[in-house]
Amino acid sequence: MDKLVSLCKRKGFIFQSSGIYGGVNGCWDFGPLGVELKRNLKNDWWYNFVQVRDNMVGLDASIIMHPDVWKASGHVDAFHDIVVDCKECKKRFREDHLESKVCPECGGELTEPKQFNSMLRTQLGVSEDTAVNTYLRPETCQSIFVDFKEIYSSYRVKVPFGIAQIGKAFRNEVNPRNFIFRSREFEQMEIEFFCREESEEEWFSWWQKEIWQWYLDLGIAESKLRWYEHPKESLAHYSKRTVDVEYEFPFGWGELQGLANRGTFDLTAHSKASGKDLAFFDQEQNERYIPTVLEPSAGADRTTLAVLCEAYDEEEVPTSKEGETETRVVMRLHPKLAPIKAAVLPLVKKDGLAELAQDLEAKLRRKFPTYYDHSGAIGRRYRRQDEIGTPFCVTVDFDTKEKGTVTVRERDSMAQVTIPIEEVTAYIEKRVTLERPIG
Ligand code: ATP
């Protein structure tokens with residue numbers, strides 16, 4: 001984990017927010033490579049769960065909502081962590097994260113457990129006395145419930161269907177930790193899927209299958225994934241059933257995504273509190289009812305971390321000196337997720353090779369993110385790309401000038417092929433774009 005965190009900082013994937021002021025606990029910034037990686041992941045999720053499906057639509061709602069939303073949803077009364085304080089060092093901990101009855105930092109005595117609401121408060125309005133107290137959303141889904149009628153009636157979708165949203169969520173986590181795994185500001189990728197109660201079991205199993213497959217398609221090993229079924233007594237206030245997908249991180253198993261059956265809780269609560277009927281009207285059956293909601297809720301940051309942990313690899317490779325080896329650090333990211341798809345490297349800077357390579361890079365850049373590098377030995381340049389997960393390095397050499405060919409080196413196998421320069425775009429594009437087999 002330490003190696004990964006330091007690589008992320010050194011290469012500009014992810015670093016602490018406000019670093020020059022000492023940082024903010026639980027807040028992270030995604031640098032040039034991190035932003036590409038996370039965006040690729042979110043695009044892949046959207047492609048897979050919205051674009052290719054005829055029973056899914058999207059939403060991008062505001063982060064700040066009417067304060068009554070959080071009363072009706074139960075968050076004001078029930079979005080609590082149970083916390084204890086250390087009487088000696090004054091640190092605060094989530095009770096369910098403790099392994100013993102004493103302070104994990106100093107061994108001191110702990111206070112009695114108490115409730116702590118983890119929503120982040122904010123004020124809306126310019127004048128002190130009229131400003132309204134509200135919250136930064138702790139989950140993206142409430143706007144989907146509140147906008148349910150607006151969406152189904154304007155877009156004319158029928159149950160069963162789902163509404164998807166990717167966006168920021170905020171929680172005043174008691175102990176942000178494990179790099180970006182537990183942050184105070186993070187992104188969720190959520191779906192609220194509306195169906196009839198009698199088909200909830202069937203759809204629940206269907207979603208389990210779809211979710212599982214998505215992780216496999218990201219290149220995560222099945223042996224590092226497992227389901228965790230929440231016992232009835234520890235279910236959230238809205239849930240009839242919840243299962244989590246967990247990933248085996250270097251620090252242990254951790255939740256990537258929850259799949260909850262929220263029943264009719266949210267639509268009923270918002271109908272009651274707002275006085276607006278959020279029932280679905282089925283024209284064909286001439287019937288009005290509140291649909292059951294199944295919710296796959298995934299974290300974009302946690303999945304990014306899982307993908308990075310899964311991809312990080314070290315291997316011994318021979319050097320140019322007979323009998324000697326060196327350690328190659330390689331991020332075996334799925335090509336569709338890799339931040340940079342191809343690096344273009346002139347073998348040497350002189351003899352017009354740099355110009356040829358720059359021309360090629362400018363052309364490729366219009367299709368996918370690329371990187372141009374002419375400094376240092378070619379082997380070193382390959383290693384730099386391996387470390388950030390670039391799937392292809394395109395080397396421009398003397399044959400490029402004479403025969404119009406380039407060498408394409410593949411990251412994982414280090415195998416090289418020679419192809420005509422005009423085929424490079426198609427060769428790489430085919431291997432790095434999002435795709436999902438039909439059927
Ligand atoms: P945990 O038990 O780990 O606190 P949770 O069960 O409260 O998580 P949910 O409310 O189910 O989490 O949120 C759905 C998803 O949002 C989680 O599976 C996770 O991927 C992501 N998520 C939740 N809290 C955080 C956080 N503090 N930092 C990063 N991602 C988070």
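**Rings and helices**

Analyst: Let's start with Phe249, which counts as buried, at 3% relative accessibility. Keep in mind that this is a predicted model.

User: What does Phe249 form an aromatic pair with?

Analyst: Phe249 pairs with Phe181 in an edge-to-face arrangement, 5.3 Å centre to centre with 75° between the planes. Phe181 lies in the loop between β9 and β10 and Phe249 in strand β12, so the pair ties together parts that are 68 residues apart in sequence.

User: And is Phe181 buried or exposed?

Analyst: Phe181 is buried, since its relative accessible area of 9% is under 20%. The charged end of Arg302 also sits over the Phe181 ring, 3.8 Å from its centre.

User: Nice. How many aromatic pairs does the structure hold?

Analyst: There are 23 aromatic pairs. One of them joins Phe148 and Phe194, with ring centres 4.4 Å apart and planes at 40°, so that pair is tilted. Phe148 lies in helix α6 and Phe194 in strand β10, so parts 46 residues apart in sequence are tied together.

User: Which residues do ring pairs link into a cluster?

Analyst: Trp45, Trp46, Phe49, Phe193, Trp203, Trp206, Trp207, Trp214 and Tyr215.

User: Switching to helices: at what angle do α1 and α11 pack?

Analyst: About 115°, with the axes of α1 and α11 11 Å apart. The contact is made by Leu7, Arg10 and Lys11 of α1 and Arg384, Glu387 and Ile388 of α11. By type, these residues divide into 2 nonpolar, no polar and 4 charged.

User: What is the handedness of that crossing?

Analyst: The crossing of α1 and α11 is left-handed.

Notes
Residues numbered from 1 in each chain as written. Predicted model: local features only at pLDDT ≥ 70, side-chain atom pairs only at ≥ 80, totals over all residues. Heavy atoms only, no water. Axes fitted to C-alpha atoms, helices over the stretch in contact; angles between N-to-C directions. Helix = DSSP H or I, 4+ residues; strand = E, 2+ residues; numbered from the N terminus. Left-handed = near helix turned anticlockwise from the far one by under 90°. Contact = heavy atoms within 4.5 Å. Nonpolar A, V, L, I, M, F, W, Y, C, P; charged D, E, K, R; others polar. Phe/Tyr/Trp six-rings, centres within 6.5 Å; stacked < 30°, edge-to-face > 60°. Buried < 20%, exposed > 50% of the residue type's maximum accessible area, 1.4 Å probe, protein only. Lys NZ or Arg CZ within 6 Å of the ring centre and 35° of its normal.
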